[in-house]
Amino acid sequence: MNSKKTIKSAFESMMYIWGEPLEVKAAADIFNISIEDAEKYFLELQEEYEQEGRGIVIRQVNKAFQFVTRPENAEFIEKLCTPVKVKRLSQSALEVLAIIAYKQPVTKGEIDAIRGVKSDRVIDGLMKKDLIVIKGKSNGIGRPLLYGTTDAFLKNFGFTTIKDLPEIDDIENAISTETANGNDVVYDDVEKSQISIDEVEYESEKREE
């Protein structure tokens, strides 16, 4: 039987090699331990890294954990990695993403009704970026598809769960009263704690991991 020290050491190595968020269940299965014990070991590692003020921290994404760089070190990493590859989301994409994040599971018809325009191409683009996914079908007429956000959305925006989204009392009103300027919105390696309807910055996938 493996000791807790051995398992935690292995979890560190697994997170480093895996790159993407490592599912707790997958890690538990390797050692034939319970999901509860595996999650406890991940959380202990997370606390140890935090207490030591390490440059690498462990971030939780739903029921998964991942190595990332400490946000305070972003400026030094940017200097090292310059030029930084910049990604962009259009204003339309940000609107649709915000609606889905706050209203999920939501149909395309509901999204269109809030925005007042068709959203087919925008939805397709967000799916290709792995920020949203089909969650199922509605029980309404025609059984339209339901959309929701992905773990990649949580990771890129720095959230642990969807419950971490900042509160917005009326997303419909926020969208309908927004004055779009037509410009693309730049998002790079600055982690934000909230989504703004008109401007979002989020992490690109150079080695934050």
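1. Let me start with the aromatic pairs: a search of the whole structure, which is a predicted model, turns up six of them. One of these is Phe-11 with Phe-31, an edge-to-face pair with 5.8 Å from centre to centre and 70° between the planes. Since Phe-11 belongs to helix H1 and Phe-31 to helix H2, this pair ties together parts that are 20 residues apart in sequence. Both Phe-11 and Phe-31 are buried.

2. A second pair to look at is Tyr-49 with Phe-67. Their ring centres are 5.6 Å apart and their planes meet at 50°, so the pair is tilted; the cut-off for edge-to-face is over 60 degrees, and for stacked under 30. Tyr-49 sits in helix H3 and Phe-67 in strand E3, so here the tie is between parts 18 residues apart in sequence. Tyr-49 counts as buried because its relative accessibility is 9%, and Phe-67 counts as buried because its value is 7%.

3. Helix H3 deserves a paragraph of its own. This helix runs over residues 35–51, has 17 residues, and spans 24 Å from its first C-alpha to its last, close to the 24 Å expected at 1.5 Å a residue.

4. After the helix comes Gly-53, with a positive phi near 65°.

5. Gln-66 is in strand E3 (residues 64–69) and counts as buried because its relative accessible area is 0%. Its side chain reaches the backbone oxygen of Gly-19 at 2.7 Å. Lys-155 is in helix H8 (residues 151–157), and its relative accessible area of 3% is why Lys-155 is classed as buried. The side chain of Lys-155 makes a polar contact with the side chain of Glu-20, at 3.2 Å.

6. Some backbone details are worth checking on screen. Gln-104 and Pro-105 are joined by a cis peptide bond, with omega about -5°. Pro-105 lies in the loop between helix H5 (91–103) and strand E5 (106–107).

7. Two asparagines have positive phi values. Asn-32, in the loop between H2 and H3, has phi near 55°, although this residue is not a glycine. Asn-62, in the loop between E2 and E3, also has a positive phi, of about 55°. Are these residues buried or exposed? Asn-32 is exposed, because its relative accessible area is 71%, whereas Asn-62 counts as partly exposed because its relative accessibility is 28%.

8. Lys-129 is in the loop between helix H7 (120–128) and strand E6 (132–137). This lysine counts as partly exposed because its relative accessibility is 42%. Lys-129 and Ala-152 are 23 residues apart in sequence, and their C-alpha atoms are 8.9 Å apart in space.

9. Finally, the chain as a whole. The secondary structure comes to nine helices and eight strands, and 39% of the 209 residues are buried. Of the contacts with a separation of 6 or more, 56% are between residues 24 or more positions apart. The chain exposes about 12000 Å², of which carbon and sulfur atoms supply 49%.

Note on methods:
Residues are numbered from 1 along each chain as its sequence is written. This is a predicted model: local features need pLDDT of at least 70, side-chain atom pairs count only at pLDDT 80 or more; totals for chains, interfaces and linings use all residues. Side-chain values use heavy atoms; hydrogens and water are left out. Helices (H or I, at least four residues) and strands (E, at least two) are DSSP runs, numbered from the N terminus. Buried means under 20% relative accessible area, exposed over 50%, partly exposed in between (1.4 Å probe, protein chains only). A polar contact is a pair of N or O atoms within 3.5 Å; within protein, one must be able to donate a hydrogen and the other to accept it, and residues adjacent in sequence count only if both atoms are side-chain atoms. Contact means heavy atoms within 4.5 Å. Accessible areas come from the Shrake-Rupley method with a 1.4 Å probe; for residues, only the protein chains shown count as cover. The expected span of a helix is 1.5 Å times one less than its number of residues. Rings of Phe, Tyr and Trp (its six-membered ring) pair if their centres lie within 6.5 Å; planes under 30 degrees apart count as stacked, over 60 as edge-to-face and the rest as tilted.
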